[in-house]
Structure formats: structure tokens, C-alpha cells
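Here are my notes for you, as numbered points. Keep the structure open beside them and look up each residue as you go.

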Amino acid sequence: MLNITYHGHSSVQLGTENKSLMIDPFLRGNELAVTKPEDIKTDVVLLTHAHMDHILDAEPIAKANNAKVVAIVELATYMSWKGLDTLGMNMGGTVDLEFAKAKMIQAFHTSGIVLEEEQRIMYAGLPAGYIIDIGGKTVLHAGDTSLFGDMKMIGDRHQIDVAFLPIGGHYTMGPEDALQAAEWFNAKLTIPVHYDTFPAIRQDAEHFVEQLASKGLEGRVLAPGESISL
């Protein structure tokens, strides 16, 4: 069985009976989040890219849980400088987390860490998504991305049970492109993420799910803090 908890924005927790992983923890900076970093219990933290709305709570959660942080090599190195246990990987690679396997796939976005005091931006590797085998299910987290044609190839090559797709627009693809991505990934269940956190990414997620249904696809909106089991 797979347990899924949505923590708002792009933060997703996937768990089995006694193990879990957390993707892109961003709780303190999200007014819609109902969970605090200190409430999270997890074994692994996966990061898709280095933007602050995806890594803000990685350090406190990883330290509190003695959790391993998995990310692209450059971002993993940066996190290791903070005293975290990290595992760096790269595009197309798969890591065995014992209770899950995570394959890194491409995303079309940017990735960098803004150092305000120094007025410079530090390169943090490429942005990514993940295909995760856990609890007998295959889960795709697209990360922050625009629409790209290889999504169809990914969908053709993997039988995806759940896909988490950004729909906010402005910084990622919006609902129209996300609808096409959902068709190409062809997951059994599509869950929208990365919307409503900021004014620039306000979207009607329920309408997006209705559009999925019109294409013969199942979708579901999860509220921050809501869990489901598959």
C-alpha cells in the first residue's frame, strides 16, 4: 500500500507502512500549509531543484530525522556543506533507497540559489523530476517544468499510477499545457500541484480536474495536509 500526503505547493510525502520520503519540503514559507517542519517524520528528502520554494525546509527536516537528502549532484553538494547526509545523482540515474527506487528525469525550468547579500546566484545543477517506485506503485513528480515532447515517451515507457503535475503557470506550465502533459503521461491518477501559493500562480484546480475527466483521465485535488492511500 502507498500512502500519499500533500503538504501544499509541490511538497509531497510518499510512505509505506513504516518508511517515507518527502519531496520538495516548503512549509514555513507557505501560508496554505497546515503542517510545520518539526511535525514531519521521514527517512529521505528528495529535491527537484534549488529554488527556495522547494528546498526551504529540507535542512531542518533532514537534520531532525537524520534523513538522507537526494538531489542532483551540485545541489546535493551544497546541502552536504550544511552538514547533511546527501546522495548526489544525475539525469537518467536511479537510486535504491531500500524501500523505494527513484529515477531522475528531466524538467524544463531553471535552478539556482540566490545569495542576496552577495548579489549573486549560485549554480545548482539542472532542474529535475522523479519517477519513484514505492509501495507497489509508480509515482511521477514532474518538478517545476514547462511542457516538452519527451513527456509522451516517458508515459509510453512507464506505467504511471500517480502523476503530480504543476499547473500554476507563470513559473511553470499552466493548466492547458498540464492537461496535455497529463494525456502524455497517461497516469491512472493525476494530482495538480504548484498553484495558489502566490498570487501569480492562482488557478482553479477543480476546473483542471474537470478538464482531465473530459479527456477520460482521473484527477483529484488534494488540500494541504490531506492524505490518500492506494
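**Notes on the model**

1. Let's begin with V44, which is found in strand 4. Strands here are DSSP runs of E with at least two residues, helices are runs of H or I with at least four residues, and both are numbered from the N terminus. This is a predicted model, in which local features need pLDDT of at least 70, side-chain atom pairs count only at pLDDT 80 or more, and totals for chains, interfaces and linings use all residues. Residues are numbered from 1 along each chain as its sequence is written, and side-chain values use heavy atoms, with hydrogens and water left out.

2. Is V44 buried or exposed? V44 counts as buried, because its relative accessibility is 5% (buried means under 20% relative accessible area, exposed over 50%, partly exposed in between, with a 1.4 Å probe and protein chains only). Leaving aside neighbours within four places in sequence, V44 is in contact with S20, L21, M22, A67, K68, V70, L97 and F99; contact means heavy atoms within 4.5 Å. For a sense of distance, V44 and T138 are 94 residues apart in sequence and 17 Å apart in space, C-alpha to C-alpha.

3. L46 is in strand 4 too, and it is buried, with a relative accessible area of 0%. Apart from neighbours within four places in sequence, its contacts are L21, M22, I23, D24, V70, L97, A102, Y130 and I132.

4. Y130, one of the contacts of L46, lies in strand 11 (residues 128-134). Y130 counts as buried, at 0% relative accessibility. A polar atom of its side chain lies 2.8 Å from the backbone oxygen of L47.

5. Next, find T48 in the loop between strand 4 and helix 1. T48 is buried, with a relative accessible area of 2%. Its side chain makes a polar contact of 2.8 Å with the side chain of H49 (a polar contact is a pair of N or O atoms within 3.5 Å; within protein, one must be able to donate a hydrogen and the other to accept it, and residues adjacent in sequence count only if both atoms are side-chain atoms). Setting aside neighbours within four places in sequence, T48 is in contact with I23, D24, H54, L126, P127, A128, Y130, H141 and G143.

6. Now for some backbone angles. Most residues other than glycine have a negative phi. D24 has a positive phi of about 50° although it is not a glycine. N66, also a residue other than glycine, has a positive phi near 50°. D24 sits in the loop between strand 3 (20-23) and strand 4, while N66 is in the loop between helix 2 and strand 5 (68-72). D24 counts as buried at 0% relative accessibility, whereas N66 is exposed at 67% relative accessible area.

7. Which loop holds D57? D57 lies between helix 1 (52-55) and helix 2 (58-65), and it is buried, with a relative accessible area of 0%. The side chains of D57 and R28 are joined by a polar contact of 2.4 Å. Not counting residues up to four places away in sequence, D57 touches P25, F26, L27, R28 and P37.

8. Finally, some helix packing. The axes of helix 4 (residues 150-157) and helix 5 come within 7 Å and cross at roughly 30°; axes are lines fitted to C-alpha atoms, for helices over the stretch in contact, and angles run from 0 to 180 degrees between N-to-C directions. M151, K152, I154 and G155 of helix 4 meet A181, W184 and F185 of helix 5. By class, that contact has 5 nonpolar, 1 polar and 1 charged residues (Ala, Val, Leu, Ile, Met, Phe, Trp, Tyr, Cys and Pro count as nonpolar, Asp, Glu, Lys and Arg as charged, and the others, Gly among them, as polar).
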